[in-house]
Amino acid sequence: MINEFDTIAAIATAVSNAGIGIIRISGENSLKILGEIFEPAGKNVKEWESHRVYYGNIKEKDTVIDECIVLIMKAPKSYTRENVVEIDCHGGVSVVYRILNLVIKHGARPAEPGEFTKRAFLNGRIDLSQAEAVMDVIDAKNELARRNSVAQLKGELSDRIKKVREEVLYQIAYIESALDDPEHMSLDGFSEKLGGLVQNWIEATQKMIDSYDNGRYIAEGIRTCIVGKPNAGKSSFLNALLGEERAIVTEIAGTTRDTLEESVNLDGITLNIVDTAGIRDTEDTVEKIGVEKARKEIDQADLVLFLVDTSVPFHKEDLDILERIKDKRKIVLLNKSDIDNYREEDYEALKSRLQKEDPILPISAKYHKGMDIFVKELKNLMFHGKIDANQEMYITNARHKKALDDSLESFRCVKESIENGMPEDFFTIDLMSAYEKLGLIVGEAVEEDLVNEIFSRFCTGK
Ligand code: GDP
């Protein structure tokens, strides 16, 4: 079994030839190991000082491996709350590995993925939701996602959860004491008071749950499907978004045969775009595969962008597509608006088949016209115009969402028991359950297996 607190080491930077590479060591023996392999320039160091940078050479016996600087952070003022040493060396892959191997030779163990952060958690410096936020900050796909993760890392989610948990625990304790000591503590009118509190907890929990969809869009990107009949300009539009020629643009109908996936950042929002083959009945087998895939993609998409070719009359194919996407969240893009050939009756026919909240925008994919308005409408549609990771906090983690759903369920049961006039000791069971479910988010009462599973998703060195 792996000892939880022996000295661990790992390469903390990406392993590729780069300007610098960092080897991180944490644990009781990290300073001892450093003393054995590092020779500070100029002076004889008797005792390493915390939060200082030393310059010198990493040596294996008499051979200098690299000229480095080392950072010392003594316990408890370090990332893991243990003695931490970071060796900044030159970033060549072989140098970094050689130093890591040397550190291991002198007694450290290679760290498991996420083990530094796991120690920060086990040593009580951060809670579980903050530890997960570390991973999210590393993985952040865009600025909004990063800001949201940093807020979580600072403890914003934990603070909200802890506040509700404290209030719940207080009420549980009150009920139990009152039941134990009915002579001195009265439960008269308690149910009404508790009912008010439960309502607050339900609302607070619901608010966090409601932020999950937006949170997921922010963290993972919006799964987006571009549809339209062949030649409507789907590839051109994708290219306009990407700002580079990646999809094959062609004048022959039906050449975008398979699906392409691209990620594009638009003013802080990430669209994960699948450019599909035109949806239509076709005899061509290769294209059929694409078409089938397109249908599936539409079903899975969070957002559909429907491109209409306004240079030609409204077509049966457009109707078929409309039928298929009628219940999806969508934006209709009237493409080729530069040609200025769109007939009023076609527009009316289209409009009559849309929901009133579906935006319809003229664009020109070829000449990159109408893109600003598109981004504005996109924000309106997906985030009601207001996405601000500075003010709002979004739940982005499915594990947190599940725990919130479960605690909401328990709060609802308490509410029901109150409404049905059940005895007070009945409330405590569900209150306790909500308390425990919320505890899962911050890592209290979390099974060891789950902790291991979460930290194993980290990269090594973190
Ligand atoms: P797809 O089959 O839907 O992917 O359509 P493409 O992007 O391949 O475009 C088909 C044809 O329409 C190409 O010749 C494009 O240059 C042309 N096209 C696309 N967008 C526009 C536009 O906004 N204006 C004009 N005039 N032509 C466009």
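A search of the whole structure, a predicted model, finds 28 salt bridges. Three of them are set out below.

| Glu47 | Lys74 | 3.5 Å |

**Salt bridges and where they sit**

Take Glu47 and Lys74, whose side chains meet in a salt bridge. Glu47 lies in the loop between strand S3 (38-40) and S4, and Lys74 lies in the loop between strand S5 (63-73) and strand S6 (84-91), so the pair ties together parts that are 27 residues apart in sequence. Glu47 counts as exposed because its relative accessibility is 58%.

Is Asp309 buried or exposed? Its relative accessibility is 5%, so Asp309 counts as buried.

Salt bridges with shared partners also build a network. Its members are Asp6, Glu82, Arg109, Glu115 and Arg119.

The protein has 15 helices and 13 strands. Seven strands make an open sheet with mixed pairing, in the order S3-S4-S5-S6-S2-S1-S7. S3 and strand S7 (109-110) are the edge strands, and each pairs on one side only. Strands of a sheet pair through backbone hydrogen bonds, either parallel or antiparallel.

Strand S1 (residues 8-11) and strand S2 (residues 18-26) run antiparallel and are joined by four bridges. Ala9 stands opposite Ile25 in S2. S2 then pairs with S6, in the antiparallel sense, over eight bridges. There, Arg24 stands opposite Glu86 in S6. S5 and S6 are antiparallel too, with five bridges. In that pairing Ile72 stands opposite Val85 in S6.

How many of the eight residues of S6 are buried? Seven are, and the strand is mostly covered. S6 sits between S5 and S2 in the sheet order.

**Surface features**

Strand S4 (residues 52-60) holds Val53. Val53 counts as partly exposed because its relative accessibility is 47%. Together with Tyr55 and Ile69, Val53 makes a nonpolar surface patch of about 260 Å².

Lys316 is found in helix H10 (residues 316-325). Its relative accessible area is 54%, so Lys316 is exposed. The C-alpha atoms of Lys316 and Lys229 are separated by 9.7 Å. Along the chain, these two lysines are 87 residues apart.

**Burial and contacts overall**

The protein has 462 residues, of which 49% count as buried. What share of the contacts with a separation of 6 or more comes from residues 24 or more positions apart? The share is 69%.

**Confidence**

The mean pLDDT of the protein is 83. Of its residues, 86% reach 70 or more. One is residues 250-257, where pLDDT stays under 50 and the model has 18 contacts beyond four places in sequence. The other is residues 278-282, where pLDDT again stays under 50 and the model has 21 contacts beyond four places in sequence.

Notes. Residues are numbered from 1 along each chain as its sequence is written. This is a predicted model: local features need pLDDT of at least 70, side-chain atom pairs count only at pLDDT 80 or more; totals for chains, interfaces and linings use all residues. Side-chain values use heavy atoms; hydrogens and water are left out. Patches are made of residues with over 30% relative accessible area and no salt bridge: like charges are joined within 9 Å, nonpolar side chains (Val, Leu, Ile, Met, Phe, Trp, Tyr) within 5 Å. Accessible areas come from the Shrake-Rupley method with a 1.4 Å probe; for residues, only the protein chains shown count as cover. A salt bridge is a side-chain nitrogen of Lys or Arg within 4 Å of a carboxyl oxygen of Asp or Glu. Helices (H or I, at least four residues) and strands (E, at least two) are DSSP runs, numbered from the N terminus. Buried means under 20% relative accessible area, exposed over 50%, partly exposed in between (1.4 Å probe, protein chains only). pLDDT is the predictor's confidence in each residue, from 0 to 100. Contact means heavy atoms within 4.5 Å. Two strands pair if DSSP finds at least two bridges between them.
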